[in-house]
Amino acid sequence: MEGKIFIVGIGPGAEEYLTLKAVETVKDSDYTVGSTRAIDLFADVKNTIAFNVKDLVDKLEEGVDLAVSGNSVSILSTGDPGFSGVLNSVLRISTEKGFPHENIEVIPGISSLQLAAARNHIQWDSANVMTFHGRENIEDILEVIDNGKITIALPSRKVKDMAQFLLDNGVSEDRPVTVCERLSYPDERIVATTLKNIASSEFTYMCIMIIGPKNCP
């Protein structure tokens, strides 16, 4: 019996942003692997394997092992699996364990980046789209920050640290910045101000930064 892995995008966090495909896939799977917050979005789920930041890789390996044994396994990924998601990790682990990639199906979800663009009426296919999740090297943003486009970024560090990094590297303190915090949740907050103000403000880790182009009024 061949197992199957579904890498399921769960959207930005609220249940209403789950796709019908995601709900049906989890319902039909033998096992579901994900953070407790992600698993709790689903009303109909069988066996669960919850992970946190510290044991993420171990739990992903456990999920792949279950698929190798012939089970159907849904692995939940915040937002879309292909953007700061678990897609690459699952593919790597599957290769190491000899699980065929043709038995892996990716179910896309709505990224918080997409929702941030929608909330702010941004045609995001013409923006600089960047993620720094899990990355210490954030210098890449300096290569595009002044190219005349809006920059939409998932910060790696605290939002104020990213803002201070830009200030330290010559970006004007008056550059317009919008921070979208906890999008889709009841306490969602959108703050539009300047880079200088963001550098002295506190936000949770669940944020998107939208940085206006150079010379933007």
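No aromatic pairs turn up anywhere in this structure: the count is zero. Please keep in mind that this is a predicted model.

**Helix α3**

- Helix α3 spans residues 56–68, which makes 13 residues. From its first C-alpha to its last it reaches 18 Å, close to the 18 Å expected at 1.5 Å a residue.
- Which residues of α3 are buried? They are Leu60, Gly63, Val64, Leu66 and Ala67.
- Looking down the axis of α3, the buried residues fall within an arc of 155°, so they line one face of the helix.
- An α-helix has 3.6 residues a turn, so residues three or four places apart point the same way.
- The cover over the buried residues of α3 includes the strands β1 (4–9), β2 (31–35), β3 (47–51) and β4 (72–77), along with α4 (87–96).

**Helix α1**

- Ala22, Thr25 and Val26 are buried in helix α1, which runs over residues 20–28. They cover an arc of only 95° around the axis, which puts them on the same side of α1.
- Turned away from that buried side is a face of α1 that carries the exposed residues Leu20 and Asp28.
- What covers the buried residues of α1 includes β1, β2, β4 and β5 (104–107).

- Side chains alternate along strand β6, residues 128–131.
- In which sense do β6 and β7 pair? Strand β7 (residues 151–154) pairs with β6 in the parallel sense, over four bridges.

- Glu181 belongs to strand β8, residues 176–181.
- Is Glu181 buried or exposed? Its relative accessibility is 6%, so Glu181 counts as buried, the cut-off for buried being under 20%.
- Setting aside neighbours within four places in sequence, Glu181 is in contact with Glu188, Arg189, Phe203, Thr204, Met206 and Cys207.

**A charge over a ring**

- Arg182 has its charged end over the ring of Tyr185, at 4.4 Å from the ring centre.

Notes: Residues numbered from 1 in each chain as written. Predicted model: local features only at pLDDT ≥ 70, side-chain atom pairs only at ≥ 80, totals over all residues. Heavy atoms only, no water. Phe/Tyr/Trp six-rings, centres within 6.5 Å; stacked < 30°, edge-to-face > 60°. Lys NZ or Arg CZ within 6 Å of the ring centre and 35° of its normal. Buried < 20%, exposed > 50% of the residue type's maximum accessible area, 1.4 Å probe, protein only. Helix = DSSP H or I, 4+ residues; strand = E, 2+ residues; numbered from the N terminus. Pairing = 2+ DSSP bridges. Expected span 1.5 Å × (residues − 1). Arc of directions from axis to C-beta. Contact = heavy atoms within 4.5 Å.
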